Structure formats: structure tokens, C-alpha cells
Amino acid sequence: MSQSSHDNIYMSQALQLARKGLYSTQPNPRVGCVIVLNNEIVGEGYHQQAGGPHAEIHALNQAGIKAKGATAYVSLEPCSHHGKTPPCADALIKSGISRVVCAMLDPNPLVAGKGLEKLQLAGIKTLSGLMQAEAEEINPGFIKRMKTGLPFVRIKLAMSLDGRTAMASGESKWITGPHARADVQKLRARSSVVLTGSGTVIADDPSMNVRITANELQVDVEIHQPVRAIVDSQLKVSTSSKIFKVAGDTLVLSTKQAEHVVTLAEKNNKLDLECALKYLAEEKQANEVHVEAGNELCGALLEQQLVDEIVLYMAPHIMGDSAKGLFHLSGLNNMSERVNLEIKDIRSIGKDWRITAIPQYLKNN
């Protein structure tokens, strides 16, 4: 087997380890590391939670003296700066590692190639870019926040076969079955923030918290509760709503000033949504924002090209043409004005279908 084949195998293992941090590393990236000596794995680890040891440290601790002369496979460039923990590049140098292969450079401006540079100056051979696309898929939010100052925005929607999200009366429980609803809990659990609108809170009185356990997710670290945020321009939501009573933090984002309210800029007599997302990225270090809201907020986010991904659960029933649609979008009169999507994935979830799509405007930017 060639060296490149070995590299692919061990990097695949590092990426698999990185995915184990999917629900627990916020605001840090998910990273995995495998240390190999003479084609034998002698150490492996992943970043489990912010403030704890990074993936490289777990792997080095497991490898011990066998790290000397070995190759380290890391899904993200080793850090070179002091944060809550010392630089991983320094630990790799001290261990006697002879070669480091990373899937991608760290998009954090504090690192951005400096980790590999430090390793190279110490005489360690480096290779970057191996399985980069796969690595990027694990950390879409961290990458986007580091590059743009905005979080990765994912809209979750549930609809009938004829594209309806609620009856004309507003009734919407439950469009999809239990398997799809359990799948949504995984999306919430991986997110930094769950974002909704005042209309949804008033109509449905949801909790919007994560109701899935580490055991159910088959991970060995505690699942964090994402911050819940309500877009409430006119302060219509009652503080007695369930969303304020469950564990974790709930924010009210508004254009109005009031106690315990985050007051942000106004745009067209409504909350400036881009400003709100920037606030979440800067002040809450939000990597991924999970949106569960009505057609007005979802439509406004899509219209302003602030959506990175749409996850749509489709149930096998018909709700009729008087029921509510997915997005409220103004001014779409001609076919040329359609919002085109690229389907990334379609799969069955229980009796329903889950469609994952990305807006085509992302391809054009």
C-alpha cells in the first residue's frame, strides 16, 4: 500500500474522531487526531469540549514515548497560539513527532498557517489539504464565523406533500412523525443558537430546547443546551412563555429598549437580521444558528441571502391550499425570480423524507 493510501486511511479515522465532538465543542471547532508509528495507530483523540484538551493532546497522551518519529494526522491545523490551552504545535514539537498531516488550514486569523510554519521551523515535515472537503463539512459554522463574522444559518422546516407548514387555523402539531422530530433534536444539539420568531412563540409556546441525551447520540460527553434567541421587534412575547422556563439562556432580540432585551438596529421597520446574526457570532461566538420559525422570518432570511442550508422534512399527507406555505417571499412574479436550490441529500426518516438543500446564490457569490 502506498504512503498516500495510508494517509487517506488515517485521515479518515481522524475525521471520524472529529465528528464525535459534533455536539459539545461550541464555540471551538470539532477536531480529531490520530498518531501512527510504523503503520500502527499508537494514539488517538478528539476535542471534546471548549476549555478542555485539544485532540492532539489526547492523542499524544495516549501515544506516550511512541510519538517520537511518528506521524500525526489532524483534521485541522494545530494551533500555534495561547488560548484557554497551550499551543498544540508546541506539544507536537516536544513529543518528537516527525511528520504532521492536516486536512485543512485553520481559518482563525490567529492561526492561519502559523501552526504549520512553527512545525516546519522545528524540522517537522508537513502536508495540508488532504481530504479538505470532508473536513470542512464538519465545521461549516466555525469556518464561516472566522472568515465572515457571521454564523452558518440552517433553516429547519416541516411540510406536507403539498408544501404546507400549518393549517389555516395555525394548527401545526404534528406535521411529521416521531422519527423526524427526534432527528430535529440532533440538529438542535449541534447548534450554537436556536433562533425563532415572536409569532412562533405566541402561537405554539415551544420550549426550543434540546431533549436528547448523550447516550441517545452515542457520545461520551455532556450535550450543551444552545442559546435560544427570539426575534421580537415589538416585544410581543410574554416572559411567562415556556421558552424562558427551560434550562439554558434565552435572548430577546428587538429594536425596542427594555430590561433583559438585546436592542439591535432596525431595518425597514423590523429587526436588522444581519445585525442580529453578527451579534450572535461576536457576542455568543455562535458557529451554527438553527432556525425554527414561521414563514415570515424564514422568508426574510432567505430573501436577504442569509441562509446557508435548508433542512426540509416532508410528510406523506395533504393539507390543502388554504394552509400556510414555507416562505413568505415578496415580489416573485416571474419564473426568473425563483430562488433556486441545490439538493445535497434526500433520505427517509421514519415515514417522512428529509431533504437537505443549499440556496444557489451561495454558488454565485
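Helices (H or I, at least four residues) and strands (E, at least two) are DSSP runs, numbered from the N terminus. The model is predicted: local features need pLDDT of at least 70, side-chain atom pairs count only at pLDDT 80 or more, and totals for chains, interfaces and linings use all residues. Residues are numbered from 1 along each chain as its sequence is written, and side-chain values use heavy atoms, with hydrogens and water left out.

**Cavity**
- A cavity is a set of points, on a 1 Å grid over the protein atoms alone, where a 1.4 Å probe fits but cannot get out; lining residues have an atom within 4 Å of a point.
- Of its 17 lining residues, Thr25, Gln26, Arg30, Arg190 and Asn287 are the closest to the centre.
- Helix α6 (residues 140-148) gives the most to this lining, with 3 residues.

**Surface patch**
- Ile343, Ile346 and Trp353 make a nonpolar surface patch of about 320 Å².
- Such a patch joins nonpolar side chains (Val, Leu, Ile, Met, Phe, Trp, Tyr) within 5 Å, from residues with over 30% relative accessible area (Shrake-Rupley method, 1.4 Å probe) and no salt bridge (a Lys or Arg side-chain nitrogen within 4 Å of an Asp or Glu carboxyl oxygen).
- Ile346 is found in strand β15 (residues 341-349).

**Helix α11**
- In helix α11 (residues 295-303), the buried residues (under 20% relative accessible area) are Leu297, Cys298, Gly299, Ala300, Leu301 and Leu302.
- Just after α11, Gln305 takes a positive phi of about 55°.

Methods
Patches are made of residues with over 30% relative accessible area and no salt bridge: like charges are joined within 9 Å, nonpolar side chains (Val, Leu, Ile, Met, Phe, Trp, Tyr) within 5 Å. On a 1 Å grid over the protein atoms alone, a cavity is a set of points where a 1.4 Å probe fits but cannot get out, and a pocket is an open set with protein on both sides within 12 Å along at least five of seven lines; lining residues have an atom within 4 Å of a point. Buried means under 20% relative accessible area, exposed over 50%, partly exposed in between (1.4 Å probe, protein chains only).
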